[in-house]
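Thanks for coming, everyone. Let's take a quick walk through this one. Have a look first, then I'll start.

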Amino acid sequence: SYELSGDEHFSLAVQTGPGGDQRPELVLAKALDREEAAFHELVLRASDGGDPARTGTARIRVTVLDANDNAPVFSQAEYTVRVPEDVPVGSVLVTVTATDADEGLNGLVKYTLKKITERASNVFNLHSETGAITLLRSLDYEEGDSYDLEVQARDGGQLFDTTKVRIAVTDINDNRPEIL
């Protein structure tokens, strides 16, 4: 006879072969989730019908492989940053961050700009791996006092999340008065 212990996710089915021999089979009784438990430790015990009964045990380790069952999630639904118009070109204005509970390629997050005006695309750059938004050219409050971007985080399995980024430009005293 056979007995399985160690985990509620598995049960044991014993199949009888054509010669009357019995073969135990591991049966999945409950869905697995790698983020909940990456492996399961089981013990299979076999007992014979002798008197006294003899037993043997086998340890079974089931490793759960990752499936792309989690989408990236941004740390904020919306990012707002205020920057003075004289911030130096090349400065990082804000870094968006998304995490994915999956591992490997399924958990690797890449960032892209999904919605951006042509004017803003000439001013800002988004680093696809870090999520850092940097300044490509000088800002001028008189040309534009705010920019709205939409950033998407996508994992290796094509699941995604989206966030909004608002960059508000603050005015500095960079224009002298004109007498007309």
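Two strands pair if DSSP finds at least two bridges between them. Strands (E, at least two residues) are DSSP runs, numbered from the N terminus. With that, look at Thr112, which stands opposite Gln152 in E13. E10 and E13 pair in the antiparallel sense, over 5 bridges.

A word on the source. This is a predicted model: local features need pLDDT of at least 70, side-chain atom pairs count only at pLDDT 80 or more, and totals for chains, interfaces and linings use all residues. Residues are numbered from 1 along each chain as its sequence is written, and side-chain values use heavy atoms, with hydrogens and water left out.

Now the sheet. The 4 strands form an open sheet in the order E7-E14-E13-E10, with mixed pairing. Strand E7 (78-84) and E10 stand at the edges with a single partner strand each, so one side of each has no neighbour in the sheet.

Next, aromatics. How many aromatic pairs does a search of the whole structure find? It finds 2. Rings of Phe, Tyr and Trp (its six-membered ring) pair if their centres lie within 6.5 Å; planes under 30 degrees apart count as stacked, over 60 as edge-to-face, the rest as tilted.

Take Phe74 and Tyr111. Their ring centres are 6.2 Å apart and the planes stand at 45 degrees, so this pair is tilted. Phe74 is in strand E6 (residues 73-74) and Tyr111 in strand E10 (residues 110-115), 37 residues apart.

Then Phe124 and Tyr147. Centres 4.9 Å apart, planes at 80 degrees, so that pair is edge-to-face.
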